[in-house]
Amino acid sequence: MLTLPDSPAFLNASAVLLAAEGSHKEAIACFFQGLRLDPQNPVLWFNLAMSYRAVGELEGAKTALGHAVAADATDSDTLDTLGVVFHESGQDAPAETCFRMALELDPCNGQAWNNFGVLAFSQKKYREAARAFETAVSFLPAGDSTDALINLRDTYGEIGETEKEARCAAMLKTMGVDQT
């Protein structure tokens, strides 16, 4: 498919390249150009949110992710990301709602399970966090499970599950993860 210079796809690709270079302000302008042409494009809204988040504009990120969800309410990754941004903003109730919605859409979304566990851990709900991290580790590919495994190890430490904590530490060591 030929992509024209003023098409939403071209503008999205250009903005993604700008963002990858760290030129987020320029990327944001480019995403807005694309959205003027296709205001219901969930990919443009999602990518706009990522640039807003990268420059610390969490309100802009939440708004853009809200538009992305409105354009495609079936994307569990967008809901998961919205949950992360809510949590980063200190808004745990809507974060939990987003994580639960993401997991309802895709119960095998390991990243959403990990993020839900982070939320539960931050609220000192360690048993719930452990279950979430265990689930995350079971769904994430080995190469992508490092964060969830570290989180699980730390959670086991909080609840006094020293054998399980040691098993996680051993797994991380075999993966070459520095645990200092």
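## Annotated repeats

Which residues does the UniProt annotation "repeat: TPR" cover? According to that unreviewed entry, the annotation covers residues 76–109 and 110–143, and the structure described here is a predicted model.

Over residues 76–109 the chain is 79% helix and 0% strand, with the end C-alpha atoms 8 Å apart. Over residues 110–143 the chain is likewise 79% helix and 0% strand, and there the end C-alpha atoms are 12 Å apart.

## Helix α4

Helix α4, which runs over residues 58–71 and has 14 residues, reaches 20 Å from its first C-alpha to its last, close to the 20 Å expected at 1.5 Å a residue. Its buried residues are Gly60, Ala61, Lys62, Ala64, Leu65, Ala68 and Val69, and what covers them includes α3 (42–54) and α5 (76–88).

## Aromatic pairs

A search of the whole structure finds 3 aromatic pairs. In one of them, the rings of Phe99 and Phe116 have their centres 6.5 Å apart and their planes at 75°, so this pair is edge-to-face. The pair links distant parts of the chain, since Phe99 lies in helix α6 (residues 92–105) and Phe116 in helix α7 (residues 110–122), 17 residues apart. Both Phe99 and Phe116 are buried; Phe116 counts as buried because its relative accessibility is 5%, where the cut-off is under 20%.

Trp113 and Phe116 also form an edge-to-face aromatic pair, at 6.4 Å centre to centre and with 80° between the planes. Because Trp113 and Phe116 are 3 residues apart in helix α7, about one helical turn separates them. Phe99, Trp113 and Phe116 together form one aromatic cluster.

Conventions
Residues numbered from 1 in each chain as written. Predicted model: local features only at pLDDT ≥ 70, side-chain atom pairs only at ≥ 80, totals over all residues. Heavy atoms only, no water. UniProt positions renumbered as here; feature names shortened; annotations may be inferred. Helix = DSSP H or I, 4+ residues; strand = E, 2+ residues; numbered from the N terminus. Expected span 1.5 Å × (residues − 1). Buried < 20%, exposed > 50% of the residue type's maximum accessible area, 1.4 Å probe, protein only. Contact = heavy atoms within 4.5 Å. Phe/Tyr/Trp six-rings, centres within 6.5 Å; stacked < 30°, edge-to-face > 60°.
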